[in-house]
Amino acid sequence: MSTNASSQIIRTGSGARFVIYTILALFCLYYLLPLYVMVVNSLKPLSEIQAGGMMALPGEWTLDPWKSAWSTAQIGVAATGLKPYFLNSILMVVPAVAISTVLGALNGYVLTKWRFRGDTIVFGLLLFGCFIPFQMVLIPMARMLGLMGLAGTVPGLIFVHLVYGIGFSTLYFRNYYEQFPTELVRAAMIDGAGFFTIFYRIMLPSSGPIAVVCIIWQFTNIWNDFLFGASFSDFDSQPMTVALNNLVQSSTGVKEYNVHFAGAIMAALPTLLVYIVAGRYFVRGLMAGSVKG
Amino acid sequence: MTITTTRHRAGDDWLRNALPKLVLSPSFAMVLIFVYGFILFTFYLSFTDSRILPSYGLVGWENYTKLFSVRAWGIAVDNVLIFGSLYIVICCALGLMLAILLDQQIRAEGFIRTIYLYPMALSFIVTGTAWKWFLDPGIGLQAVVRSWGWESFTFEWIKDSDMAIYTIVIAAVWQTSGFVMAMFLAGLRGIDNEVLKAAQIDGASNWALYRRIVIPQLRPAFMSAFVVLAHMAIKSYDLIIALTGGGPGTATELPATFMYSYTFTRNQMGIGAASATIMLMSIAAIMVPYIWSELREKK
């Protein structure tokens with residue numbers, strides 16, 4: 001983001017600045033409140049929460065809710081904790097992100113440097129596919145996965161996320177490659193370089209930033225997905241979000257809020273870590289997905 | 001010799017011309033089948049007597065007339081209008097306010113931005129879980145305030161059929177308003193300072209500068225925010241499942257939860273397909289003009 005704030009022109013007095021800082025700080029508290037609630041309550045015994053101490057720091061610090069959420073809590077019919085579902089999510093996310101990013105890069109390259117008649121329409125069709133309500137594809141996809149023998153499996157989920165992730169990855173690479181000087185590509189063509197040589201030697205080496213943006217976006221989206229996971233997985237292939245929901249909504253026994261909070265943090269941790277480490281790229285991805293360009 | 005080389009070259013040329021399209025074609029084919037083919041399939045199902053499984057006996061508009069006579073769908077449509085409009089208006093107001101405040105050469109701006117935006121990285125299931133228990137009268141806000149000594153404090157929206165939809169607004173605004181702030185901030189940073197200078201020399205107040213010059217120039221950012229938020233509101237599903245499960249009763253039913261329960265638990269696939277079609281139509285009404293204008297500007 002550039003630094004030419006309009007405030008270089010618009011000046012505010014010191015009283016006004018005090019008010020501004022106070023408001024900004026209050027909103028920091030507002031955004032951090034649920035995170036505080038989750039962390040603090042995942043580290044205290046259930047009795048302290050039941051006694052109305054949700055906002056207080058733990059009287060007695062304990063890691064038991066974390067251990068329970070990870071390896072012994074009742075999820076659906078099995079008391080396995082969230083561990084197997086965390087692994088499912090990783091098994092699902094890694095291939096889906098890798099393949100959709102590679103395809104997106106190739107598509108973006110074709111759509112900008114090897115233009116053909118109708119390429120804008122092709123791109124428009126790919127793009128609209130990102131925004132459809134997925135309720136519109138749930139019924140046929142369930143049948144299609146059944147026909148392909150992938151119903152209720154992790155590969156089935158990988159396939160679904162790949163299909164509906166291509167639009168966004170193509171969008172990122174297309175908009176990025178559009179800024180890339182076409183003269184360089186022309187010159188390489190005249191020198192006799194072929195389609196893939198140009199891609200490997202000229203396009204890829206300068207694609208680092210957009211690849212990071214795309215990977216982070218796809219990772220966050222696919223990790224956080226719930227609808228496809230809930231629709232197309234069985235008990236042994238459920239992703240983390242679905243398992244967390246089962247844990248929280250289970251109506252049997254005492255509600256172990258502290259375990260729920262620990263589980264919620266586990267489900268949030270991977271995407272949160274990515275955001276903290278590479279937030280700049282995450283925001284760029286968000287903006288490119290909405291403001292485009 | 002000469003003949004073979006020309007033939008060879010012709011093959012090369014063909015490959016050279018076709019290769020880019022060949023590379024693009026698997027993706028394009030996938031999208032054609034799994035997006036557009038599936039849309040047509042579901043659209044077709046909405047005119048059939050499908051129940052548990054797809055079935056192909058045509059029944060005309062029957063599913064649509066049934067859909068609009070079902071009480072749950074009426075509730076879902078009312079809810080998405082209430083939720084959608086509050087969600088969009090509050091997110092835009094809050095986002096604009098925070099963006100303007102953050103644009104005053106604030107120290108630690110990057111740090112504050114990071115805090116405002118992190119909810120966007122979370123799953124709606126996580127957000128829903130956190131707010132579900134925070135708003136729960138038994139252990140959350142109400143219990144806490146009472147334990148602090150305000151015995152009569154009551155906040156039971158999440159258990160109240162008339163108010164539960166507003167708890168969805170609370171959680172959804174928390175998750176997305178930081179993102180809207182970032183969109184407006186990017187818009188503010190793109191504004192030409194020369195006009196501002198001129199207006200200031202003419203003696204305009206800060207308030208007038210923002211109202212007359214800055215905010216009108218944020219029109220594109222408002223457009224983008226509206227499109228993104230409206231489309232998220234119509235698609236909202238995860239958050240409702242995690243926060244209220246559509247309840248109490250059917251008080252927080254939205255089109256997405258309606259479609260899922262009618263199709264997969266109530267075995268009314270024809271009606272489910274009809275509701276999905278309505279959802280698609282409303283999103284298309286927002287997205288198609290937007291994508292169209294974006295792509296035309298690019299040319």
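Predicted model: local features only at pLDDT ≥ 70, side-chain atom pairs only at ≥ 80, totals over all residues.

Q: Let's start with domains. Which domains does the assignment give for chain A?

A: You read a domain assignment as residue ranges. For chain A the ranges are 6-70 for domain 1 and 83-290 for domain 2.

Q: How far apart are the C-alpha centres of domain 1 and domain 2 of chain A?

A: They sit 31 Å apart. The two domains do touch, though: 17 residues of domain 1 of chain A make contact with 15 residues of domain 2 of chain A.

Q: Now a single residue. Where does A:Leu82 lie?

A: Look in the loop that joins helix 3 (64-72) to helix 4 (83-113) of chain A.

Q: Is A:Leu82 buried or exposed?

A: Here you check relative accessibility, and buried means under 20%. A:Leu82 has 0%, so it counts as buried. Beyond its neighbours within four places in sequence, A:Leu82 has contacts that include A:Trp70, A:Ile75, A:Met240, A:Leu247 and A:Met266.

Q: What separates the C-alpha atoms of A:Leu82 and A:Val274?

A: Two separations apply to this pair: 192 residues along the chain, and 20 Å between the C-alpha atoms.

Q: Next, cores. How many residues does the largest nonpolar core have?

A: It has 199, and among those with the most contacts inside it are A:Leu24, A:Tyr164, B:Phe83 and B:Tyr116. Helix 13 (residues 257-290) of chain A gives this core its largest share, 17 residues. Domain 1 (6-70) and domain 2 (83-290) of chain A each supply at least three residues to this core.

Q: What is B:Phe83 in contact with?

A: Skip its neighbours within four places in sequence, and you find B:Ile165, B:Ile168, B:Val169, B:Ala172, B:Ala233, B:Ser236 and B:Leu254. Another core, of eleven residues, lies apart from the largest one, and B:Leu67 and B:Trp73 are among its members.

Q: Last one: how do I read a helix pair? At what angle do helix 6 of chain A and helix 12 of chain B cross?

A: You look at the two axes. Those of helix 6 (residues 135-147) of chain A and helix 12 (residues 255-265) of chain B come within 10 Å and cross at roughly 25°. Angles under 35 degrees count as roughly parallel, so that is how these two helices are described. Their crossing is right-handed. Helix 6 of chain A makes the contact through A:Gln135, A:Leu138 and A:Ile139, while the residues from helix 12 of chain B include B:Met259 and B:Phe264.

Notes. Residues numbered from 1 in each chain as written. Chains lettered and ligands numbered in written order. Heavy atoms only, no water. Core = buried A, V, L, I, M, F, W, Y, C linked by side-chain atoms within 4.5 Å. Buried < 20%, exposed > 50% of the residue type's maximum accessible area, 1.4 Å probe, protein only. Helix = DSSP H or I, 4+ residues; strand = E, 2+ residues; numbered from the N terminus. Domains from an automatic or database assignment. Contact = heavy atoms within 4.5 Å. Axes fitted to C-alpha atoms, helices over the stretch in contact; angles between N-to-C directions. Parallel < 35°, antiparallel > 145°, perpendicular 65-115°, else oblique. Left-handed = near helix turned anticlockwise from the far one by under 90°.
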